[in-house]
Amino acid sequence: MTGATPLLWMAVVVPMLAAVVALALGGRAGERIHLVLLPAGLAIAVGIAVQAARSEVPLHYHLGGWAPPLGVALRADWASAAMLLVTAAVMCAVGLYARGPLGTPKGVGEARAPYAFWVLLPGVWAGLNAVFLCADLFSGYVALELLTFGAVPLVCLDGRGETLDAALRYLLFALLGSMLYLVGTALLYGTYGTLDIGLLSRHLRGEPALWIAIALMTTGLLAKTALFPLHLWLPPAHAGAPAPASAVLSALVVKAPFFLVVRLWLDVLRGGAGTPAAGLLAALGAAAILFGNVLALRQARLKLMIAYSTIAQLGYLFLIFPLAASPAALTGGVLQAINHALAKAAMFLAAGLLAERLGHDRVAGLGGAGRAHPVPVLAFALAGVALVGLPPSGAFLAKWFLVSAAAQTGQSWLSRVTDVGALLTSAYVFLVLARAFATPVEPLVARTPPARHRDAAALALAVLAALLGLAPLAAPGSASGVSQVDLGKALAYAVSVAALWPVAAGAALAFALSRRTADPPARGVLLALDRSLRQWPVAGISLAAVALSLGAAFLLRDARW
Amino acid sequence: MSTATLFGVYGAVLVGIGLYGMIVQTELLRRIVAFDVLGSGIFLIFGAVARRGAAGGLASDPIPQAMVITGLVVAFAATGVATALLLRLSASAEGVARRPEGPP
Amino acid sequence: MSGLLDLWTVVAVSGGAFFFLAGTVGLLRFPDVLTRLHALTKADNLGLGLVVLGLLPRAEGLQGAVKLLSVWLLVMLSGATVSQLIARVAGRESPPA
Amino acid sequence: MTPASLLDLGIGAVALALAAFAGAARSSFAAIVGFVALGLLLALAWLRLGAPDVALTEVAIGGGLTGLLLIGAERRLRARAMAEASDPVSTRVRVAAAVLSAGVAAGLAAAVLSLPIPAPTLGPAALRELPRTGLDNPVTAALIAFRAFDTLAEKVVLLLALVGVWSLAPDREWGGRPGQRYPLDADGVLAFLVRLLVPVGVVFGGYILWVSAGAPGGAFQGGAILATMWLAARMAGLTDAPRLCASRVRWALAAGPLVFFAAGLAGPLVAGGFLAWPVGFEKPVIVAIEIPLMLSIAAVLGLLLAGPAQRDGAR
């Protein structure tokens, strides 16, 4: 067998083992084990990436020696390898960063929040790797639950009432999503007698149960990834968590359900979901981009702004489904996911550093931060460049793939959406920077001395995000198509008027807004819409409505089978 | 209708009842109970699938049965975390639960 | 012989079912906790007892019979204890006049 | 209409009625009782579906332990008389939710009715490979051999859930004991029952595990029984919950999964792959994994029921 490699199970088992041993040893053991886990996890991810790049076929491993359909397998293609790598990179930065705020205090044998964090963090890592590597949809369910149970307690580590509320919402909505996913696996098993992704894709005959299953599973995954309008839990959870936890949640955890949607639509259905359903996902994505970005611009608190920005950035990922006929679309989607993972983790870490040093995270009160705390502000700025999509960030390349795929398939409306998205993104990024470089209203008092390794962790991620667009120069001939891109053409596009006007317009908007000194007013149509969409019963109804609409859209699909 | 199909349809209805409960219950504990009802319905659909796969002298396909056992344990863990969160929330002095929308 | 045993099974299980039915009706119709408990324990002890006795001739060997009997014993044991506890709580909350 | 199909119809109809009751009952306590009854009834459904292993799990975990968790939470919430988030849901929202939920249920029912005939199955494949596991119960084989990876991951899920619950303790109580201390009622009926029942329960838990190689049962079901026995002993005041920072607690939780990991990791050396069991020694290896696994499952289930630390904290 070619492509079989034990690295795949190691990628899941090593962090799992770290979590269990940290639980057993207690005290400071979790922190120490993490120091060993970081290089090991990174090495495994790099090893898988190297092997995946060299291998003609996707890497795989039959667990226990039992081949599917009876047994379960792990599988890694270039997309899994890329996600494993970015996961390892973010985990390394977060692990180093968190040694400050979430270290066990001196003189204490064991403390609550650090103990929980250093057990749950490797648990989340294991869950992420398991999602990216699973070749079996039920293993995917177990992996998603690893993630849920690892991620939810991170939201309320500080025990404040509002974070508890956020965590409970997150848990219940995520569980609802898991259940919809699970019932889909039951129907798929009942129809095909296997849940192995590769075997399923070969057996499809387009039965009604297939479409109902995929509609329910996709809806469940959308709830877990917080695609608009199912985002009720994301802003309070991601904004309320401690900064390192926010970084992991926003950068990585919401990508895992998206990745399973890609597996379902592009691997199981092989792009055969049909135009109406793919259009529905893209429409939700487009709505998320516009809605999330406007709301981000309207937030008074930096962490909430970043959280709403995540809702918008997740929207970009779903634009790829109508473009699935073009291989560039998936490449663009994965690049966007990676770019956002690095940039958003950097932003949350930078925001955490600023909040610690300023004692608050109000955007209007950032004045002077640029001089007093240049490194976090620089990290924020570089991450912002990556979100806006300026070269040489990953987003510029991702956008290039999307735009060219949209042009190939004649769906240029998608490019308009990304333009408006870039405008708004650049507006709030520049707004934060304008505030940070403004003269402070009152002199700043540094609350905590800066810790260089934590600054470095945030900055390193931001630099990686800002330089990700150069990846084609480094990537060897891989199946991803990244290396085939004509970097010159892409760069020429990126510095063209067509690509730059939104950025410039956004900067101008930010400049206009920055002349206001007060917090943005807490009223408006979109804010009211957001409030009502985030009411639990409304979100539940939206969930059921998305499920039924997807089912209906599948029925309308063009006859492919 | 065979036993399997019958229970499969019952499972579907249980899912509907549980989903409705999860959406409209305002009491959080009732929402958790609705989640458990929803889960029971889903497991019953698995049971129908397993029973349909009876073959070779087995009364029921063992693979979906194993999945249900895994699922039941996970659902119990979920209920445990949810009730613990709920109890902590109700104990927290801020009592944010009274603010149904949470922050912001 | 087997005809007689079948008859025994039918009679005993039907008797057990009757006590269960009576116990359930009592649970629903009786006015307070203690009388409801009275109805329930009849169902547990007599109803289940008769069902077990009725099924004994059909048990698969000695092991099956022992299992059936231990089901009865355990239910009686826990039923007696639980009804004691319930009665205690009921007595504490509304002492009998 | 055969008696058997009447029985199925009856079980299903009562199950639906109980589910509706759990949704519509006025008090949450009644709703929980409805759910527990539903769980017990579903165990009968599982027997009708030819799945006694699942029936045992449903009784022990689905109805039993989950019911205990919910009842415990309800009692404590009632004691606090918590003002619930009582924004009433408008009729419009209710109607929309009802229509959409009915739509989802109808879609699911349609999918169930449209499942192909003959049904696909892995039953024969599992039977064919059963000798290679040294077991006779294909469900146990699926859990511990064919899909051992899922089982292993699910153990970690349980541990993460427990750490999540623990993390909800107040800081000053960290490492302390969970739950309340029940007074010992030395001559009381409960203590009497528990003294009599616990030995029986422990033997039965072990029996359920032991027979699972060939008959219905397994580490979960056995573990659930042991967890309940521990709860009964605590409620009778015969024992108190341990401090959660005690290393024996931590190792009791981790030992089962760690043995599972160790056996899995030995696989590449002795059996040709991760989670592969050595030829000819499958059954002893599986038993050696399942015994500590059951004890750890009992510990994790019992501690999930007990909740976070709330007294006798380290600080």
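Modeller: Begin with the term nonpolar core: a set of buried Ala, Val, Leu, Ile, Met, Phe, Trp, Tyr and Cys residues joined through C-beta atoms within 7 Å. Keep in mind that this is a predicted model.

Biologist: How many residues does the largest nonpolar core have, and which of them have the most contacts inside it?

Modeller: In general, nonpolar side chains tend to be buried together in soluble globular proteins. Here the largest nonpolar core comprises 418 residues, and V90(A), L342(A), A346(A) and L349(A) have the most contacts inside it. The element that gives the most to this core is helix α6 of chain A, residues 161–192, with 21 residues. Chain D takes part as well: its domain 1 (7–79) and domain 2 (125–315) each supply at least three residues.

Biologist: Which residues is V90(A) in contact with, leaving aside neighbours within four places in sequence?

Modeller: The list is A247(A), V248(A), A251(A), L252(A), A341(A), L342(A), A345(A) and L461(A). There is also a second, separate core of seven residues, with L37(C), A43(C), V51(C) and V52(C) among them.

Biologist: What does the radius of gyration say about chain A?

Modeller: The value is compared with a rule for globules. For 561 residues a compact globule would come near 24 Å, and chain A has 22 Å, which agrees. The C-alpha trace of chain A spans about 70 × 55 × 50 Å along its principal axes. Of the 561 residues in chain A, 68% are buried. The secondary structure of chain A consists of 24 helices and two strands. Taking contacts in chain A between residues at least 6 apart in sequence, 81% join residues at least 24 apart.

Biologist: How are the domains of chain D arranged?

Modeller: The domain assignment gives domain 1 as 7–79 and domain 2 as 125–315. Their centres, taken over C-alpha atoms, are 23 Å apart. In the contact between them, domain 1 of chain D contributes 10 residues and domain 2 of chain D contributes 12. The domain 1 side has seven nonpolar residues, two polar and one charged.

Biologist: Which chains have the most contacts between them?

Modeller: Interface size is often given as the accessible area lost when the parts come together. By contacts, chains B and D have the most among the four pairs of chains that touch. Chain C meets chain D through five residues of chain C and four of chain D. On the chain C side, two are nonpolar, three are polar and none is charged.

Biologist: Which pairs do not touch?

Modeller: Chains A and C have no contact, and their closest C-alpha atoms lie 34 Å apart. Chains B and C do not touch either, with nearest C-alpha atoms 20 Å apart.

Key:
Residues numbered from 1 in each chain as written. Chains lettered and ligands numbered in written order. Predicted model: local features only at pLDDT ≥ 70, side-chain atom pairs only at ≥ 80, totals over all residues. Helix = DSSP H or I, 4+ residues; strand = E, 2+ residues; numbered from the N terminus. Rg over C-alpha atoms; globule rule 2.2 N^0.38 Å. Buried ≥ 20, exposed ≤ 12 C-beta atoms within 10 Å, placed from the backbone. Contact = placed C-beta atoms within 7 Å. Nonpolar A, V, L, I, M, F, W, Y, C, P; charged D, E, K, R; others polar. Domains from an automatic or database assignment.
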